[in-house]
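Have the sequence and the 3D view open, and look up each residue as we get to it.

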Amino acid sequence: MSKVIGANRRVLKQPTEREYPPLCLLPFGDKVVKHLLYHILPLGGENEWALNRNIQKVCEGIEQFNGKRIVTIATKGEGDIKPFVCPDDVIKKFESHGVTDIEYMFIRNKKRLREVTSFVPMLSKVESSDPNEVVFYGHCKGVTHPNPAVICHPWADAMYETVYSNWQQAKAM
């Protein structure tokens, strides 16, 4: 079955069961390898407090990741007008929390794609068919909004508290 979508008249085909088999959850074995993939848009100036908060939250829960810990730091891209914190200073922020065992990647920021630009390159570094490997993917939230009252900041805190910090509860589900 096909549908016509929008003015550009793109045709989308509905997937069949043969193309996308139903998912089934497998129980984890004794040793689960947990990888961390994290994207940072290191805005400075009035936004730097949000960057610092995100780095602190990541560092507080980083010990749960016994696999690869990969952080991509975006660098200033075409059309970026806000100040960026240099990558070396971002790394020092992690080190100031005692976290030194991270693999860093660097990618030029693309304003329209933002964290999407680093997703596939990071994911390719942890590609596996082992059912005992899991990946947490996240990105700095709220770094473009310097006002702490903006809803994205309490939302980010809630995500760090529930999704990021409660691996055992997620595993039990």
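## Starting at Ile102

Ile102 sits in the loop between α2 and β5 (103-108). Quick note on names: helices (H or I, at least four residues) and strands (E, at least two) are DSSP runs, numbered from the N terminus. Before going on, keep in mind that this is a predicted model, where local features need pLDDT of at least 70, side-chain atom pairs count only at pLDDT 80 or more, and totals for chains, interfaces and linings use all residues. Residues are numbered from 1 along each chain as its sequence is written, and side-chain values use heavy atoms, with hydrogens and water left out.

Is Ile102 buried or exposed? Its relative accessibility is 11%, so Ile102 counts as buried. Here buried means under 20% relative accessible area, exposed means over 50%, and partly exposed is in between (1.4 Å probe, protein chains only). Leaving aside residues up to four places away in sequence, Ile102 touches Ile62, Arg69, Val71 and Phe94; contact means heavy atoms within 4.5 Å. Ile102 and Leu36 are 66 residues apart in sequence, yet their C-alpha atoms are 9.4 Å apart in space.

## The bigger picture

The protein has five helices and six strands, and along the sequence they follow the pattern β-β-β-α-β-α-β-α-β-α-α. Of its 173 residues, 35% are buried. Take the contacts between residues at least 6 apart in sequence: 77% of them join residues at least 24 apart.

## Two helices crossing

Two packed helices are described by the angle between their axes and the distance between the axes. The axes of α1 and helix α2 (residues 87-95) come within 9 Å and cross at roughly 45°. These axes are lines fitted to C-alpha atoms, for helices over the stretch in contact, and angles run from 0 to 180 degrees between N-to-C directions. That makes α1 and α2 oblique to each other (under 35 degrees is roughly parallel, over 145 roughly antiparallel, 65 to 115 roughly perpendicular, and the rest oblique).

Which residues of α1 and α2 make the contact? From α1 come Glu48, Leu51, Asn52, Ile55, Val58 and Cys59, and from α2 come Val90, Lys93 and Phe94.

## Rings that meet

The structure holds six aromatic pairs. Rings of Phe, Tyr and Trp (its six-membered ring) pair if their centres lie within 6.5 Å; planes under 30 degrees apart count as stacked, over 60 as edge-to-face and the rest as tilted. Here are two of the pairs:

| Pair | Centre to centre | Angle between planes | Type |
|---|---|---|---|
| Phe65 and Tyr164 | 5.7 Å | 35° | tilted |
| Phe136 and Tyr164 | 5.1 Å | 65° | edge-to-face |

Phe65, Phe136, Tyr160 and Tyr164 form one aromatic cluster.

## Last stop: Lys34

Lys34 is in strand β3 (residues 33-40). With 12% relative accessibility, Lys34 counts as buried. Among the residues Lys34 touches, not counting those up to four places away in sequence, are Phe65, Val134 and Trp167. Lys34 and Phe136 are 102 residues apart in sequence, but 7.4 Å apart in space, C-alpha to C-alpha.
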